[in-house]
Every structure is written in structure tokens, then in C-alpha cells.
Amino acid sequence: MFDTPKREAAVTKTDIKMSARNCQVFYGDNQAIKDVDVDIDDKTVTAFIGPSGCGKSTFLRCLNRMNDTIPICRVEGTITLDGEDIYDPKVDPVQLRAKVGMVFQKPNPFPKSIYDNIAYGPRIHGLARSRAELDDIVEKSLRRGALWDEVKDRLHEPGTGLSGGQQQRLCIARAVATEPEVLLMDEPCSALDPIATAQVEELIDELKQNFSVVIVTHSMQQAARVSQKTAFFHLGNLVEYGETGQIFTNPRDPRTESYITGRIG
Amino acid sequence: MNVGILSLIVLGLAALGYVLARRRALAVVQGDARLLHSRTGYYGQLVFLLTAVPAFLVMAIWLFLQPILIEQRVAENIPGTAIPEGGDLTLVMSDVRRIAGGIDAMMADGSLGEAQLKDMHADQTDIRARLAGVGIALGAEVSPAVFEAAKSYRKMQKTGALAMTVVVLGLALGMMGLALSRISATLRARNLAESFVLSLLIGASLVAIATTAGIVLSLLFETWHFFQLYPARDFFFSLTWNPQFRGGSDLGFAPLIWGTLYVSLVALIVAVPIGLMIAIYLAEYAGKRVRSLAKPAIEVLAGIPTIVYGLFALITVGPFIRDWIAQPTGLGDSSSSVLTAGLVMGIMLIPFVSSLSDDIINAVPQALRDGSYGLGATQSETIKQVILPAALPGVVGAILLAASRAIGETMIVVMGAGAAAKMSLNPLEAMTTVTVKIVSQLTGDTEFASPETLVAFALGLTLFVFTLGLNVLALYIVRKYREQYE
Ligand SMILES: Nc1ncnc2c1ncn2[C@@H]1O[C@H](COP(=O)(O)OP(=O)(O)OP(=O)(O)O)[C@@H](O)[C@H]1O
Ligand SMILES: [Mg+2]
């Protein structure tokens with residue numbers, strides 16, 4: 001198999017954060033992801049695009065082993081983070097998810113106050129030594145989530161009382177608060193208005209300074225605006241992967257071109 | 001004609017009305033159903049309801065009122081001399097009813113005909129012996145007046161039944177004819193039929209509410225009666241419970257309430273942690289197969305009759321606690337104790353807590369779990385900090401439901417905790433509860449006139465107020481948290 005040499009290469013090439021080789025995902029007997037090879041660069045925004053049901057979310061969930069929570073889901077192949085196989089039995093998925101955070105398609109704030117929602121991760125991972133430090137983290141995360149000004153006077157009201165868009169920004173802030181190395185975002189802007197979307201995009205741009213971000217999106221414009229690399233999925237296959245500019249201006253595969261110009265999906 | 005057959009006939013008429021109405025509706029528009037205001041089925045439904053419902057209503061009211069009126073008429077005709085020394089009219093009336101029933105039985109087995117009955121008089125025939133022949137045993141010889149009353153009772157009953165049949169059938173037919181004659185293309189049949197059904201539905205919910213109100217009113221009435229005979233102050237504040245059927249009792253409810261709360265508390269201390277842990281295991285950790293086996297197995301506990309739990313308490317748990325805990329520590333020497341009843345009741349309550357909580361925990365959206373795992377939380381952190389808080393209102397509801405079961409439980413307490421009304425902190429002593437005392441005050445040969453029996457109603461009302469309070473509390477908690485969490 002060719003994945004062993006490639007893995008070695010991944011270790012030596014320091015700017016590759018995560019890589020997948022020969023990745024297959026099955027839901028029971030249905031194969032949702034077929035033979036996907038991808039390298040996610042460090043300090044880069046990578047966009048996953050493709051028609052609905054093509055397996056973008058499924059693949060994204062492989063990257064932090066969220067698929068472990070679905071009993072019928074089976075993952076094959078190799079996925080590495082900083083050169084280490086994340087599906088190795090020695091790896092604790094809990095630790096992994098602290099490093100590879102996730103924002104979901106539908107906002108899912110906990111039934112707690114806004115403050116406690118943000119403080120949840122830092123508390124669990126012991127990121128704050130004092131109450132003041134925790135307050136700081138909460139404020140900083142809410143600012144990065146472009147939510148601070150709207151909620152600073154109601155930090156102790158339930159997070160579930162916010163509007164859908166605010167809830168989503170709360171979830172983004174919550175994920176940012178745990179300081180992950182990689183942030184996976186599954187259509188984070190599908191519930192947001194253009195202003196909040198712009199704020200989130202700005203946030204993604206800022207996060208890129210320190211982490212790598214993987215974002216699933218249905219908006220071509222968004223992918224073009226925020227990402228440096230783009231992967232196009234179709235029917236469970238990774239059809240094309242490359243520089244965003246190249247994918248959008250000069251796609252190699254006819255399927256990519258049809259999708260981008262709006263003929264499939 | 002008996003009530004069952006009459007009901008069937010009314011239903012048959014209504015069905016006929018349905019068919020006729022549909023035909024007629026089509027006929028008035030020459031078969032073009034689009035010209036009708038409503039679909040033909042609604043015309044049928046309307047006539048069906050108009051035929052059946054008023055007839056059944058009248059029948060129900062008739063069946064309720066007829067016995068009352070007849071008894072009144074018959075009672076008026078019983079001379080004072082027919083009432084024996086020391087007895088009263090109600091006893092005589094029950095004899096009248098039984099004799100009438102006996103005569104019916106004799107008619108049925110053919111040993112007596114209508115004509116013979118007419119000539120039969122209590123002073124000529126040995127009625128008591130003949131009634132005994134059909135299984136009706138009477139305490140004394142039948143006096144002529146009572147026998148005549150029984151005869152007229154029977155006659156009135158027969159007339160009443162006949163009149164009812166005529167009225168009900170007449171009404172059904174009349175309403176059917178009237179409704180059929182009103183059918184026209186513009187009749188708003190759907191709206192009428194639907195509002196008719198709506199009022200039936202409202203009526204049904206009123207039945208439930210009215211029953212509750214009736215129960216509360218009767219409790220209130222008898223309690224008021226009780227407080228006429230016994231000072232309320234003593235009932236609420238006296239610390240002794242010592243009923244004497246010769247009078248001069250102490251009827252303080254405090255020891256009973258104490259026993260009730262103590263036993264319930266022990267039961268909840270057993271049931272809540274175990275039940276919750278079961279629920280968490282089943283909902284979060286157990287695999288599909290374990291769950292499908294374990295859940296029904298635990299729910300079997302809920303199906304065991306409480307008397308069986310009582311036996312378990314009496315024969316197994318009680319002696320065990322006495323021999324291994326109470327006697328070695330010197331804290332008690334009876335096999336009935338608060339601990340026994342509480343433990344066994346706790347076991348009974350486990351499935352209430354576990355089953356409901358399990359459903360509630362399962363209903364917490366998967367998205368919340370994903371959100372927590374996505375932040376690097378472990379399963380136990382997720383359960384403690386996300387799932388349980390989200391499920392809390394429902395879990396509290398489940399616990400309060402279990403608490404009201406515990407407060408109302410009787411059998412386990414009688415057999416496990418004993419019948420001694422006592423106020424003590426020692427859980428190894430026998431105590432008793434409100435429900436047990438309600439039973440013991442009402443059983444036995446007593447009339448409903450002494451404070452010793454009437455106190456049962458005051459106790460019942462107390463219990464009712466307690467469980468009502470618990471339910472209100474449960475509702476309040478659930479509302480409060482729901483505001484916060486949804
Ligand atoms: N929990 C699951 N159980 C079974 N099949 C699933 C499950 N989740 C996804 N699938 C299947 O896997 C395939 C890929 O789904 P996925 O959610 O990854 O698509 P997607 O690209 O994210 O689509 P969308 O853009 O609509 O979010 C689909 O065919 C879907 O039916
Ligand atoms: Mg998706």
C-alpha cells in the first residue's frame with residue numbers, strides 16, 4: 001500500500017497538520033466516504049464543498065472521531081494529526097477532541113447560562129486558574145465569536161434564550177474558548193445573517209493565524225472568500241483538492257466545474 | 001327490555017339515520033355532490049349524532065333518577081309501625097329491595113307467576129322460606145307492609161323501565177326524523193357535526209373535572225362534619241393518636257403524618273439514587289441488547305401487586321432487619337419498622353424513577369451530547385454537566401410522582417411498619433401512616449356518625465392536600481426550569 005511512505009512524508013513536512021490516507025467510512029453497509037486522501041495544512045483555512053449528501057459532514061466528523069458516537073459508523077484507513085494516527089488504540093478520543101474542536105451545523109447551546117456555555121470547555125480542561133482568568137477567557141472568546149457586545153449585560157441568562165444566529169456564534173465562541181489546534185466547522189453560517197456571517201468570516205481569518213480551520217460550506221462565495229485550500233466532494237469521493245484560486249478559476253475535473261458554475265448540486 | 005338491548009336499538013337507528021341522511025343529501029341535489037355545502041359523510045354524521053346522543057343522554061339521566069324517585073315513593077308508603085325497634089327506614093328499604101329481587105328470581109325460575117303474586121300476602125304465605133329457596137336470606141319474618149311495599153316497588157320499576165324504553169326510542173326516532181327533514185344543500189352539516197363532536201369532547205373532560213370536584217366536596221363535607229364533633233385544634237395539634245370506640249379518643253394527626261413522611265423519606269432515599277443510576281446506565285451506557293432486556297425486567301417490579309411487596313416485607317425483610325440490625329444494636333426488637341416498610345417501598349418505587357428518568361434522559365437531543373464531546377468532554381462529564389441538567393425538570397417530576405405514590409401507599413406499610421401510631425426518630429421502631437389508619441378507622445362495625453370514623457375523611461383530605469401540594473410543586477419546578485432551558 002502506498003499510505004506508509006506518504007505518512008512518513010507527512011511527518012517530515014511540518015506544515016501539514018492533519019492528513020487522511022485511503023479513508024473509507026461506512027454507515028452499516030452504506031459507504032459514505034470512498035478512498036479519500038487529503039492533507040490539511042497548518043495555519044490555513046480549508047473549505048469542503050460539494051452537493052448535499054456527498055459526505056462532507058461525515059468526513060469532517062472523522063477528523064475528530066465524532067463518528068465514534070454513532071454505533072453503526074465504521075472508519076477505515078489512516079488519519080493523522082501531527083503525524084500521529086488518531087485512530088490508534090492508544091489515542092484517547094477525548095484528548096483528541098480537545099485539540100480538534102468542532103462547531104456543528106445546527107446551533108446546540110447547552111441548557112446553561114451564556115457564561116457557563118463558554119466556560120464549559122476551559123473548566124473541563126483546567127485552562128483557567130482563577131475566576132478572573134476564566135472571566136477573561138469568556139470575554140475574549142465572546143469577542144472572537146462577535147457576540148460580546150450583544151450579550152455582555154446578560155452573561156448569566158440561559159444560552160438557549162438567544163436567537164438562532166446568536167446561538168451559533170455562542171457555539172463558535174465556545175469552541176474557540178478551549179483553544180483547539182484545529183477547528184472543524186460544519187456550515188457554521190447557515191443560520192446567520194450577512195452581518196454575522198461577515199463577523200464569523202473575520203473570526204476565521206483571525207483564527208488562521210494560530211490554528212488550522214476546516215469549514216464545510218454551501219456558499220461558493222464564502223469558500224472563495226475565507227479559504228486558501230478547497231476540497232470538492234462528490235458522492236463520497238474527493239474529486240478535486242487544491243488551492244482555492246485554482247479550484248474556482250481553473251478546475252481540472254469537469255464535475256468540479258459543473259458544481260461551481262451551478263450545474264450540479 | 002333491558003338497557004343493553006335498548007342501547008343497541010338506538011345505535012342501530014343512528015346507523016340507519018347515517019345511511020338515510022347520505023342518501024337524502026344526494027337526492028336533494030340530484031346526485032351532484034358538489035352542490036352540497038358539506039361532503040355527504042357529514043350529513044350522515046350529523047344525523048347519527050342527533051339520533052344517538054340525546055337518546056343516550058335521556059337514558060342516562062333516567063337510569064340515574066328512576067331508582068331515587070321510586071325509593072322515595074315507596075318509602076312514603078311504609079307505615080311507621082313497619083319499622084322495627086331500634087332500626088331505621090334505610091334498613092327497611094334495603095329489605096324491600098332484596099325482597100323485590102327475590103320475587104324477580106322466583107319469576108325467572110318459574111316458581112311464581114304474576115297472577116299468583118297478586119294473591120300472595122305476607123300473612124298467608126311463608127315468604128321468608130320461599131325467598132330463602134332462591135338464595136335471599138332475611139333476618140326476620142317479612143311484615144305485610146314491607147311485602148306490599150316490595151310488590152309496589154317491583155311494579156314501579158317495571159313501569160319505569162317501560163316508560164324509559166318508549167321515551168328513549170321515541171326521542172331517537174323523532175330526532176332522526178327532524179334531522180332528516182332539515183337536510184338541504186345549504187345546511188352547514190360539517191360545521192354542525194364538528195361543533196357537536198367538540199361539545200362531546202368538552203363534556204368528556206368535564207366528567208373528569210366534575211368527578212374530582214365531587215370527591216373533594218364529599219371529603220370536605222364529611223370533614224366539616226367531623227370538626228363539628230371533634231375540635232379542629234386537637235386534630236391538628238394534639239401529638240397523640242388513640243381512638244377509643246367508646247368515646248373520649250385522642251385523634252391528633254401528627255403521629256400519622258410523621259409516620260407517612262418518615263416511611264416515604266426512607267423509600268425515596270432508596271429509590272431515587274438507585275433509580276437514577278439505572279436510568280443513566282440504561283440511557284447512556286447500555287447497549288441495545290442489554291437495554292431491551294433490562295428495561296422490561298426492571299419494569300416487572302412495577303407490576304408486582306403491593307400486597308406481595310407487603311408479604312416480602314413481613315416475612316423476609318422485617319425479620320432480617322430485626323435479627324441483624326435492630327437487635328444487635330439494641331435499637332428495637334420488632335420486625336415491623338419504618339426501615340422495613342421504607343426499604344420495600346423504595347424497591348417498589350425504583351421502576352417509577354428509573355423508567356421515567358430513562359425516557360427523559362433519552363429525550364435529551366443528541367446534538368447536546370455531540371456539542372459536549374466536540375469540546376473534548378468525557379462521557380461522564382457530559383452526563384453530569386449537560387445531560388442531567390437538561391433532564392432535571394423531568395427527573396424532578398418523576399421523583400415527585402414517586403413521592404406521591406409513597407405517600408398514598410397502604411399495603412406495604414400495614415405489613416411492614418405496623419399499626420402503632422408513634423412519633424419517634426428511630427427508624428427501627430414500628431410506626432404507622434395516614435393511609436393505614438384510614439383503613440382501620442373505617443373497617444369494623446361502626447356507623448358514620450362518630451368522630452372515630454369521620455376522622456378518616458379528615459385524614460383523607462389531609463392526604464389529598466399533601467399530594468396536591470406535591471403535584472403543584474412538581475409543576476412549579478418543571479415550569480421554572482423549562483423557562484431556563486428551552
Ligand atoms: N447517522 C447516519 N446514519 C446513517 N447514514 C448516515 C448518517 N449520517 C449520514 N449518513 C449518510 O451518509 C451520507 C453523507 O452524509 P453527510 O451528512 O456527510 O452529507 P453532507 O455532505 O454533510 O450533506 P449536507 O450538505 O446536506 O450536510 C448520506 O448519504 C447520508 O444519508
Ligand atoms: Mg452536512
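Author: A charge sits over a ring if NZ of Lys or CZ of Arg is within 6 Å of the ring centre and within 35 degrees of the ring normal. This is a predicted model, in which local features need pLDDT of at least 70, side-chain atom pairs count only at pLDDT 80 or more, and totals for chains, interfaces and linings use all residues. Side-chain values use heavy atoms, without hydrogens and water, residues are numbered from 1 along each chain as its sequence is written, and chains are lettered from A and ligands numbered from 1 in the order in which they are written.

Reader: Which ring does the charged end of A:Arg74 sit over?

Author: The ring of A:Phe26, with 4.4 Å to its centre. A:Arg174 lies over the face of A:Phe110, at 4.1 Å from the ring centre.

Reader: How do I read a pair of aromatic rings?

Author: Use the distance of the centres and the angle of the planes. Rings of Phe, Tyr and Trp (its six-membered ring) pair if their centres lie within 6.5 Å; planes under 30 degrees apart count as stacked, over 60 as edge-to-face, the rest as tilted. The whole structure holds 15 aromatic pairs over all chains. In one, B:Phe226 and B:Phe227 have ring centres 5.2 Å apart and planes at 50 degrees, so the pair is tilted.

Reader: Is B:Phe226 buried or exposed?

Author: Buried means under 20% relative accessible area, exposed over 50%, partly exposed in between (1.4 Å probe, protein chains only). B:Phe226 has 0% relative accessibility, so it counts as buried. B:Phe227 has 26%, so it is partly exposed. Now take B:Phe236 and B:Phe253: centres 5.4 Å apart, planes at 90 degrees, so edge-to-face. B:Phe236 is in helix α8 of chain B, and B:Phe253 is in the loop between β2 and α9, 17 residues apart. Helices (H or I, at least four residues) and strands (E, at least two) are DSSP runs, numbered from the N terminus.

Reader: What about nonpolar side chains?

Author: In soluble globular proteins, they tend to be buried together. A nonpolar core is a set of buried Ala, Val, Leu, Ile, Met, Phe, Trp, Tyr and Cys residues joined through side-chain atoms within 4.5 Å.

Reader: How many residues has the largest nonpolar core?

Author: It has 56 residues; B:Phe226, B:Phe235 and B:Leu349 are among those with the most contacts inside it. The largest share, 11 residues, comes from α9(B).
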